[in-house]
Amino acid sequence: MFDRDALRNLEQQKDEWERGPVAKTLEQFGERSEEFRTTSELPVERLYTPLEVAEADYQRDLGLPGEYPFTRGIQPTMYRGRLWTMRQYAGFGNAEESNRRYKYLLEQGQTGLSVAFDLPTQIGYDSDHSLSQGEVGKVGVAIDSLADMELLFDGIPLDQVSTSMTINAPAAILLAMYAALARKQGVALDRLRGTIQNDILKEYVARGTYIFPPRPSMRLVSDTFAFCAEQLPNWNSISISGYHMREAGCNAVQEVAFTLANAIAYVQAALDAGLDVDTFAPRLSFFFDAHNDVLEEVSKFRAARKLWARIMKERFGAKKARSQMLRFHTQTAGSALTAQQPDNNVVRVTLQALAAVLGGTQSLHTNSREEALALPTEDSVRLALRTQQVIAHESGVVNTVDPLAGSYYVEALTREIEDRVNAYIEKIDELGGAARAIEQGYIQREIQESAYTHQKDVESGERVVVGLNKYRIAEEPPTNLLRVDPVVERQEREKLVQLRARRDNARVTETLEGVRRAAAGRENLVPRLLEAVDAYATLGEICDVLRGEFGVHQASVVF
Amino acid sequence: MAEQPIRVLIAKPGLDGHDRGAKVLARALRDAGMEVIYTGLRQTPEQIAATATQEDVHVVGLSCLSGAHLELFPRVVQLLREHGAGDILVLGGGTIPSEDISVLKEHGVAEVFTPGASTQEVVEFVKRSVNL
């Protein structure tokens with residue numbers, strides 16, 4: 001990108017500057033630290049100049065927005081055209097209560113829905129299962145059957161919103177419920193827009209809501225890819241997630257590396273199942289974390305886009321541009337929030353959200369200030385949403401595409417992250433791919449090592465967390481936290497009793513048998529799941545049938 | 001004679017899958033010279049109490065971030081007592097609102113550590129509380 005002679009001159013000039021003014025300054029005033037590092041332990045130099053990016057080739061490494069390798073963004077005009085989707089993850093208690101929260105958020109200017117399910121739903125148990133005790137409606141909404149989905153989206157026409165569902169092991173079943181609900185609303189399936197998370201591999205590593213062993217789980221993923229490609233062309237069949245691995249403790253480089261390694265495994269599984277790459281790849285989407293180290297995060301998002309484009313084009317031979325585009329949702333970092341002086345979290349979230357926007361995210365969730373303590377209240381969620389709206393309408397950063405490109409530091413860091421991610425992907429390839437690396441505990445150990453190092457650095461004070469290990473104050477524990485009424489659990493149990501009495505149980509048995517046969521054989525499971533949910537078979541009943549055919553995953557404990 | 005190490009069971013009751021804190025703490029206790037067993041995810045109170053008695057631990061650390069602590073923690077204490085192991089020190093950790101801490105303590109949880117607590121605080125509390 002730079003003229004050779006000019007670089008030589010600059011090198012000489014920089015050398016003189018270091019021996020002259022810099023050395024003189026250092027004699028008088030030392031720097032704050034011997035060495036500077038990013039949050040992810042990448043070395044940070046005092047100054048970046050063209051010398052640090054001398055190897056870069058504009059066309060090869062950056063290109064134009066909307067063009068390969070998409071480093072600068074996936075659309076030609078980015079936020080000058082349309083802003084990102086403001087999508088707050090929400091759901092708690094029962095379907096009626098969550099429905100009220102969704103309508104509130106839509107009234108406040110939110111542009112997409114994001115459904116949080118409770119743990120029993122995520123792990124395939126009905127609300128009346130013994131293991132559901134104490135967990136019903138706590139971290140999300142309890143959904144037992146299509147009847148709950150009808151309440152959850154009451155008054156929300158499914159062709160008017162895009163809906164993201166954080167559901168993994170039983171993703172195909174919740175997708176089937178959404179599709180069944182669309183039919184009841186008279187909305188054609190090809191008009192549905194949204195996402196199922198459907199990323200089972202990271203559940204074995206970080207988030208823990210697995211049900212079945214890896215092999216049948218991967219088959220469910222491939223089945224949903226095929227079904228969506230055929231019937232729901234505007235639906236994201238997966239959201240391959242680095243977020244939870246980052247929250248579990250890994251750094252930015254590992255987040256991208258492990259996410260892309262999992263993505264490679266999904267693509268390979270779908271190819272092995274006989275799908276053509278360009279039929280499903282355009283609907284693969286991603287989900288990343290945004291932490292406090294603003295410029296590192298921006299570089300991370302740019303590097304991830306570039307890496308994915310290369311992988312899809314060179315490794316998998318994808319031809320469509322859309323197959324090569326890394327489209328992603330971002331959530332600000334829950335693990336960076338403190339329970340101490342919770343208002344400080346508003347500032348952290350602002351920085352994180354800014355990083356996501358400068359990194360070119362397609363949609364964004366901003367955390368609320370008290371989330372180190374509890375689910376957020378309505379007031380806190382509104383403030384979090386307003387944070388996005390201020391960035392969108394007042395900060396000015398949205399008015400040109402990829403505004404930090406060309407910063408010597410950001411470009412050097414983008415390159416550094418890219419190189420380190422490639423080294424990780426090579427290592428994981430050597431281990432036999434992501435699924436094997438997870439089986440061997442490699443990914444888990446890497447994450448735990450980073451988490452432990454981080455904790456020690458915080459406790460030693462080497463890493464400053466404002467309000468926690470520096471600038472502390474005496475404070476009263478916060479009150480007015482949101483609480484889920486324990487009565488929800490009892491009500492959900494009663495609703496199940498009524499449902500089982502009301503529905504056509506012969507049809508339930510028959511459709512469940514259809515699910516069992518499909519699971520035992522090789523046909524795509526999703527159409528059979530659709531029949532079962534349409535007959536008001538419950539999530540737990542369907543998962544029990546699948547558990548019978550697939551078995552359950554036995555986690556090995558690594559620490 | 002070598003000093004007998006403190007034996008600790010770190011457990012995840014319920015369906016919550018957040019175990020970053022549990023694992024970091026397990027490692028910190030081990031680095032402080034204790035013998036640590038980690039149960040892994042999705043343990044019922046019955047399984048936790050059984051493991052604690054079989055492994056003859058001095059301490060059970062329960063971690064829960066899903067909000068189900070009021071149902072799950074007291075049940076573990078109760079089962080330990082039923083197993084004749086009521087002398088085991090039970091600690092809690094996670095996203096636990098302050099007003100719940102006194103309720104848990106009334107039900108026999110010795111101490112509750114919330115976000116921001118340092119592993120050294122926990123190490124010191126355990127060393128102070130367990131008399132070998």
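Predicted model: local features only at pLDDT ≥ 70, side-chain atom pairs only at ≥ 80, totals over all residues.
Local features need pLDDT of at least 70, side-chain atom pairs count only at pLDDT 80 or more, and totals for chains, interfaces and linings use all residues. Residues are numbered from 1 along each chain as its sequence is written, chains are lettered from A in the order in which they are written, and side-chain values use heavy atoms, with hydrogens and water left out.

**View 1. Chain A meets chain B.**
Here 38 residues of chain A are in contact with 36 residues of chain B. Contact means heavy atoms within 4.5 Å. About 3,000 Å² is buried between chain A and chain B. Buried area is the accessible area (1.4 Å probe) that two parts lose on being put together, summed over both. Carbon and sulfur atoms give 54% of the area buried between the two chains.

Four salt bridges are counted between chain A and chain B. A salt bridge is a side-chain nitrogen of Lys or Arg within 4 Å of a carboxyl oxygen of Asp or Glu. Lys138(A) and Glu71(B) join their side chains in a salt bridge, at 3.6 Å from N to O.

Now the elements on the side of chain A that touches chain B. Those that give two or more residues are α4 (119-122), α7 (201-207), α9 (243-247) and α18 (442-460) of chain A. Helices (H or I, at least four residues) and strands (E, at least two) are DSSP runs, numbered from the N terminus. The largest share, seven residues, comes from α18(A). By class, this side of chain A has 21 nonpolar, nine polar and eight charged residues. Ala, Val, Leu, Ile, Met, Phe, Trp, Tyr, Cys and Pro count as nonpolar, Asp, Glu, Lys and Arg as charged, and the others, Gly among them, as polar.

**View 2. Two domains of chain A.**
Domain 1 of chain A covers 4-53 and domain 2 of chain A covers 158-460. These bounds come from an automatic or database domain assignment. Their centres, taken over C-alpha atoms, are 35 Å apart. Domain 1 of chain A gives 12 residues to the contact, and domain 2 of chain A gives 15 residues. The two domains bury about 1,100 Å² between them, 66% of it on carbon and sulfur atoms. In domain 1 of chain A, Ser40(A), Leu42(A) and Tyr48(A) lose the most area to domain 2 of chain A, together 47% of what that side buries. Zero salt bridges are found across this domain interface. Four residue pairs are in polar contact there, both at pLDDT 80 or more.

**View 3. Backbone exceptions.**
Most residues other than glycine have a negative phi, and most peptide bonds are trans. The peptide bond from Tyr68(A) to Pro69(A) is cis, with omega near 0°. Pro69(A) sits in the loop between α2 (58-62) and β3 (85-86) of chain A. Gln341(A) is not a glycine, yet has a positive phi of about 45°. Its place is the loop between β11 (328-332) and α14 (344-358) of chain A.

Arg72(A) lies in the loop between α2 and β3 of chain A. Is Arg72(A) buried or exposed? Arg72(A) counts as buried, because its relative accessibility is 16%. Buried means under 20% relative accessible area, exposed over 50%, partly exposed in between (1.4 Å probe, protein chains only). The side chain of Arg72(A) makes polar contacts with the side chains of Tyr58(A) at 2.9 Å and Asp402(A) at 3.0 Å.

**View 4. Thr414(A) in its helix.**
Thr414(A) lies in helix α16 (residues 408-430) of chain A. Thr414(A) is buried, with a relative accessible area of 2%. The side chain of Thr414(A) reaches the backbone oxygen of Val410(A) at 2.6 Å. Not counting residues up to four places away in sequence, Thr414(A) touches Ser299(A), Arg302(A) and Ala303(A).

Methods. Polar contact = N/O pair within 3.5 Å; in protein donor to acceptor, adjacent residues only side chain to side chain.
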